[in-house]
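Here is a friendly walk through one model, from its sheet to its aromatic rings. Have a look at the structure first, and then let us go through it together.

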Amino acid sequence: MIFGRYSAHILTMKLTLHDTLAREKRVFEPLKPGKVTMYLCGPTVYNYAHIGNARPAVVFDVLARLLRRHFDLTFARNLTDVDDKINQASIETGLPIDAITAKFITAYNDDMAGLGVAPPDIEPRATDHIDQMIEMIERLIAAGNAYAAEGHVLFDVTSYDDYGRLSRRNTDEMLAGARVEVAPYKRSPGDFVLWKPSSPELPGWDSPWGRGRPGWHLECSAMCLNHLGPVIDIHCGGADLVFPHHENEVAQSCCANGTEALARYWLHNGYLNIDNTKMSKSLGNVFLVRELLAEHPGEVLRLALLSAHYRQPLDWSGSLLADSKRKLDRLYGALRHAGELAGEDAPSEAVVAALADDINTPGALAALFDLARDINRTEDPAERAKQGQRLQASGALLGLLSQSPDAWFGHTDSAAGELAGETIEARLAERQQAKADKDYARADAIRTELERAGIIIEDTPAGARWRRH
């Protein structure tokens, strides 16, 4: 199938995605021609999002942008608003559970918007799907895939022959990886909870097995089925979710829905480390998105998250952020040099081709810089304007270059201590006046001052241009 067949933008390359189940890149073909369903495991809303939580949201936002150009996409990203971590947060803070989840749902969506992440088409909440979860459990019990014991309902992993296929783990590895509780009511140590009892102080719903609440894995299966159907095109999430979460999702969904697959393509992003060290609260190296947004433009954080291929580990550091800021200065500098942009244009074929090759964002970013270089080398103003429009359209596909150059260069990066754009422009105006007054020593002194601050000045017939080093 030719990628783009259903779009006005006809392309010659194919979209390929690395499927975790197949362990290889596969040509993407949706279940229904022209239509795509995609599900991303969203946050458990008991705390603020850290930068590791943001990586899947940003990466798969790029995939959604690419798909929307060529297909009718329905994209769901769920909210887990019933969970033991939320219960614990309620106990520790003394706040009602509803107050905690409402606060952190708003915070999460605000933080993702700050990173340029577009809202999904559907944002289902687990607590709105309890009836569907109970119905799914009843089907699993009736089919012999689940059993009730001491107020719990558990999935019998021995009843599903393909259990472990997604993660490719044997029984011993799965038990170790899941850190399972070997409870006396389990038939097998690997059996996982579909429903568990709730004590009076915990949230709970009436069910055929008593007052209780769903298991985490079941929540996604029910929401995915309810909004996207029994078999979807793409299921995404972090690599940490392959087992047990996605493995359990596959088992219970296939058995309850009578299908051979839950998703046709499984995509997982790699881990994010901090200065080559695993991020953890005990090490004090957990960076919250909202704290980073207070110190850096959202596009800097976004470009940093896209700087490595999504399946590879990403090392988060101060040098990465500084480099991302310099790169955006170069791109916005080229946009400013392009002048008044001319009409509308499609993204560069090189950018689209890179993204169509398993979301190769480093390749797409390299193509952006090729466009910027072409703009800076082009002398014809009309041609520069066309190239600028193409650069802006290409950046938009990555969720970048959403501001005007004037707005961008007017931003002060407090963390880096950089000069604000207004300050630089004022100093350049002083330099221009000094040159007009033939006070060349003063003009040279201002140029030296700005260069020491990392500002490169280029004198052109149209006036002085500047960019950060």
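## The open sheet

Four strands make up an open sheet, paired in parallel in the order β4-β3-β9-β10. Strands here are DSSP runs of E with at least two residues, helices are runs of H or I with at least four, and both are numbered from the N terminus. Two strands count as paired if DSSP finds at least two bridges between them. Because β4 (72-77) and β10 (263-269) stand at the edges with a single partner strand each, one side of each has no neighbour in the sheet. On average, neighbouring strands of this sheet are turned by 20° against each other, direction ignored.

Strand β9 (residues 232-238) runs parallel to β10 and is joined to it by six bridges. Opposite I234 stands Y265 in β10.

A word on the basis: this is a predicted model, in which local features need pLDDT of at least 70 and side-chain atom pairs count only at pLDDT 80 or more, while totals for chains, interfaces and linings use all residues. Residues are numbered from 1 along each chain as its sequence is written, and side-chain values use heavy atoms, leaving out hydrogens and water.

## Helices across the sheet

Helix α1 (residues 51-68) lies across β3 (35-40), β4, β9 and β10, at about 175° to β3. Helix α7 (residues 242-257) lies across β9 and β10, at about 160° to β9. Contact means heavy atoms within 4.5 Å. Axes are lines fitted to C-alpha atoms, for helices over the stretch in contact, with angles from 0 to 180 degrees between N-to-C directions.

## Aromatic pairs

The structure holds nine aromatic pairs. Rings of Phe, Tyr and Trp (its six-membered ring) pair if their centres lie within 6.5 Å; planes under 30 degrees apart are stacked, over 60 edge-to-face, and the rest tilted. F60 and Y310 are edge-to-face, 6.0 Å centre to centre with 70° between the planes. This pair links helix α1 with the loop between α9 (298-306) and β13 (314-316), 250 residues apart.

Y332 and W408 are stacked, because their ring centres are 4.8 Å apart and their planes at 10°. Y332 belongs to helix α10 (residues 318-338) and W408 to helix α14 (residues 405-409), 76 residues apart. Y332 is buried at 0% relative accessible area, and W408 is buried at 1%.

## Around Y265

Y265 also forms one aromatic cluster with F28 and F71. R26 lies over the face of Y265, 4.2 Å from the ring centre; such a charge has NZ of Lys or CZ of Arg within 6 Å of the ring centre and within 35 degrees of the ring normal.

Notes:
Buried < 20%, exposed > 50% of the residue type's maximum accessible area, 1.4 Å probe, protein only.
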